[in-house]
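Trainee: Please take me through one part of this model closely. I want the layout and then the details.

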Protein chains: 4
Amino acid sequence: MHARLRGIFPPIPTSFDSSGDIDTHAITANVTRWMSTRLSGVLALGSNGEASLLDESESDYVLAAARQAVPSSKLLIAGTGRESTRATIDASRRAADLGADAVLVRPPAYYKNQMTNAALIDHFKRVADASPVPVLLYNLPATGVVLTLPVVAALAKHPNVAGMKETSPELERLGQFAAIRPEFAVLSGWAPVIYPAIGLGAAGGILAVANVLPDRCVDLYEHARAGRHDQALALQRAITPLAQMVSSIHGIAGLKVALTHLGFSVGPCRGPLQALPETVRTTITRAVDALKN
Amino acid sequence: MHARLRGIFPPIPTSFDSSGDIDTHAITANVTRWMSTRLSGVLALGSNGEASLLDESESDYVLAAARQAVPSSKLLIAGTGRESTRATIDASRRAADLGADAVLVRPPAYYKNQMTNAALIDHFKRVADASPVPVLLYNLPATGVVLTLPVVAALAKHPNVAGMKETSPELERLGQFAAIRPEFAVLSGWAPVIYPAIGLGAAGGILAVANVLPDRCVDLYEHARAGRHDQALALQRAITPLAQMVSSIHGIAGLKVALTHLGFSVGPCRGPLQALPETVRTTITRAVDALKN
Amino acid sequence: MHARLRGIFPPIPTSFDSSGDIDTHAITANVTRWMSTRLSGVLALGSNGEASLLDESESDYVLAAARQAVPSSKLLIAGTGRESTRATIDASRRAADLGADAVLVRPPAYYKNQMTNAALIDHFKRVADASPVPVLLYNLPATGVVLTLPVVAALAKHPNVAGMKETSPELERLGQFAAIRPEFAVLSGWAPVIYPAIGLGAAGGILAVANVLPDRCVDLYEHARAGRHDQALALQRAITPLAQMVSSIHGIAGLKVALTHLGFSVGPCRGPLQALPETVRTTITRAVDALKN
Amino acid sequence: MHARLRGIFPPIPTSFDSSGDIDTHAITANVTRWMSTRLSGVLALGSNGEASLLDESESDYVLAAARQAVPSSKLLIAGTGRESTRATIDASRRAADLGADAVLVRPPAYYKNQMTNAALIDHFKRVADASPVPVLLYNLPATGVVLTLPVVAALAKHPNVAGMKETSPELERLGQFAAIRPEFAVLSGWAPVIYPAIGLGAAGGILAVANVLPDRCVDLYEHARAGRHDQALALQRAITPLAQMVSSIHGIAGLKVALTHLGFSVGPCRGPLQALPETVRTTITRAVDALKN
């Protein structure tokens, strides 16, 4: 698996129709378009996929729709983290049945005070034992639960844990994770530091902005791997402001504005996420126009 | 409604059987026992009810089981907060159908950076518009999303918002909420400050320790309301260490140890929550023995 | 000492003249005016005294000026916390020489990661051993260092530690501290919760708003002690908005606006603290006018 | 100036003698030894120099002692940040008089709630206007005050602001600062990310571990600048564990253990900083032995 966990993956948004329901045709069409680029695959049902706003059957429809458009040469990664161990295992099994190549599992965070290292290790081990496909750990410190080196190092020994996504601008941790062993693939989830993350040993990235600028993100990855410092730094600086707009600043609403502008059919966000005001939308679409090929 | 939102309510745990499934008979039996005391009702499907670890149909079974044992003179409050507005509305309607007298709605927290005051007000307004029964706001700062005075004051004007639960040791906010208007009932969710919270105008409390020591908690509430300072302070100090053990320190696992010791059938916690070590269990049961009537 | 650590103390601001230097005559005049009320004494060189913006000799001038106007029946408390143990001891000795009745010592916070419980206990013990006058601990969680129950309980045994100031809206900790032993006096530093703090066993308060409304603050303290709940709650609610303006919201600049309006000579704040805009100043002075006797 | 703000600088510790007083001879001797390497200069009176634990005259002695040993081809940078604008200006003028080539100014943090962007800009502008030598901004988010892009971009226009130190594992901000303009030098203060920081445009680093391993740190800097990725990554990984021990984990006490082991005369830390237990000291000295040339 780790040889395929390389390069750039977009965490795809979930398309909704005008009734607010899942639009599976749009999802398949969007993924087809992304898969015509040099992206290494897609992540469906990640944070950018509004996974926490979908019910279980909707989640399954999204995966089935994405699977139709991801060729076997590329990876379909499915977000399957839930608050309970039991529901996470169930979602991982269903994802594997629907053709996911790997599952990405965020840590439970509702009872964060009880999420000791021992509880986290136990949770992920049970999921990795039960999942028919390889598991990727998902470190998302914004939830208030942080996977630290002892936890990740313990879990990286499990034969069914293939790597992780580290979503943070904080690279000290990522550097430690990437040094655990060569076969443990660390993917960065923070576009403004993707170039330096690769310098520290990251295998690639799962980046919201890669939905918008797939080829430029792959170019950046390749410059970084090839040691073309000046080109990598220039491209990093070029994409960073837009990456912030479609992620940390405006979130999924920003991402959907950018994608709608490019002709993707994604629909609005589901509440409680709000639509963006006109002036913000204009700022985003101008930034897209300035960067698209 | 606000005349009934007074006094002490236990946030009841969800009973599991040896297979890890919901034990509805146990729930009904437990609630019957709690309702034989001076408690004002119960909260089912709160944080202490492991609500985030249940699926939708399990949630319904819990409510139906509790409803059987709550007399019409007391209140059945149901936790119905979900991450999406749509799912929260759906859960609130089902709870009303199952006989809940009111719903308690925590704010969405997964996309916490996007949870502006405007987004929170919009979310709760839509839920209050759609819910067949009165809505209680649930402030739980530990999630990373805080309902502040402007949000609560705006929502308190809605005819279907009856009050709130404030779960924090921080009483400046609670004092502001309690001063909004007399008909807006503020219930404290933090037992170690329940006496001073009543001094600041709280209408009562929803307290994990009230599952364990129902009459003592009601005594404390009544001492506080009657201005019996010395007795209230003494009782506050007496229950605080156990209240911490079954809540902030050991969480639901601690609560279930205490209740099992008293003969309630609650079963273990669902993963990722972990069982407690023997020494901790002994500390808790001794504290229970020292305080029970 | 503990019998005198009762009631309300204002943390007095430091007066500056038009050159930005200490105005000792103004300080003496202001303290004379405060001491004509029912306040129990004053705190000089606290956070509200801009202590961290003064040099060592300026600190001495402030104390000497205050001492002249505090009668022996009331207490002069001096803030003497510094980042190093050595400088804290030196400042405490000088304060005692200048006539301070007690010293209030905040924990070092610059190297907060190294401020383990052991380091904090060692620091305060050395200071208490060396100080010629009783020491009050100063818990100010906003600095990033929190004195927790084990630390305070250990230090409360020291014969030269007389009590503490707890500056936080969080009353669970205050309740624990107040229960340590009757002779250990806990003063609250958070006016919006002073009534419930007294309910939990606080001996009184050190409150910025007591500079502005000394008699109303003393009234509130006395209502609370006498169990006059309705009057205490009404007065708590009346003073809270102004208390927030001259403390958590606008800080010392807000306090100096209110005091200047009442005819105290306090001058501007020292940089980096900034003057407030006209509209804010007007809001504050109107709130003062509405509340002053 | 910016042409000289390149490469690696150690933030030197302050040497104390057995009485706990400043040992100026030891400081001069230590700096002489560091200056015999390829380091670009030194920072005296930084956080690692226990600057907040020294009085004003001690600070001057440290600078005078360091100046004697820093050749004119290298830089002596002096930490001169104080809580008040007035004291910061005074310290900066004295540092310039004592021969400092530049001053490094941390933001005031005691009144962190009042440290708005406007207050921070005003503070640093006044200091830059008054300082006879160039000013470097010091971003130290651990203090609770963060210099964000708008503040740094505004200050970078001042002719007497030459650059900054960014002390954080968080590289998104550093990348933005480094892109402001080529003449604005950004030095990283976080050794575990120094290689990727250079990738993002940092001009070098001010690193505690550079006191211990000066040549290896300079090698890492040079590999990074020359695009020798494999060597840079290997060296980054080699030094990171020791860098953590002498900085984020054990702080200055850890640094002093390592330096004492190498024959530098630094003495103990000043209280409230504590000595380390024997087992920790052994871990540190073994790590030093494994890495020293």
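Trainee: What is the strand order in the open sheet of eight strands in chain D, and is the pairing parallel or antiparallel?

Mentor: This is a predicted model, where local features need pLDDT of at least 70, side-chain atom pairs count only at pLDDT 80 or more, and totals for chains, interfaces and linings use all residues. Residues are numbered from 1 along each chain as its sequence is written, chains are lettered from A and ligands numbered from 1 in written order, and side-chain values use heavy atoms, without hydrogens or water.

The order is E1-E8-E7-E6-E5-E4-E3-E2 in chain D, with parallel pairing. Strands here are DSSP runs of E, at least two residues, and helices are runs of H or I, at least four, numbered from the N terminus. Two strands pair if DSSP finds at least two bridges between them. E1 (7-9) and E2 (41-44) of chain D are the edge strands; each has a single partner, so one side of each lacks a neighbour in the sheet. Ignoring direction, neighbouring strands are turned by 25° against each other on average.

Now one pair. E4 (residues 102-105) and E5 (residues 135-139) of chain D pair in the parallel sense over three bridges. D:Val105 sits opposite D:Leu137 in E5(D).

For helix packing, turn to chain A. H1 (residues 24-35) and H2 (residues 56-67) of chain A pack at about 40°, with axes 8 Å apart. Axes are lines fitted to C-alpha atoms, for helices over the stretch in contact; angles run from 0 to 180 degrees between N-to-C directions.
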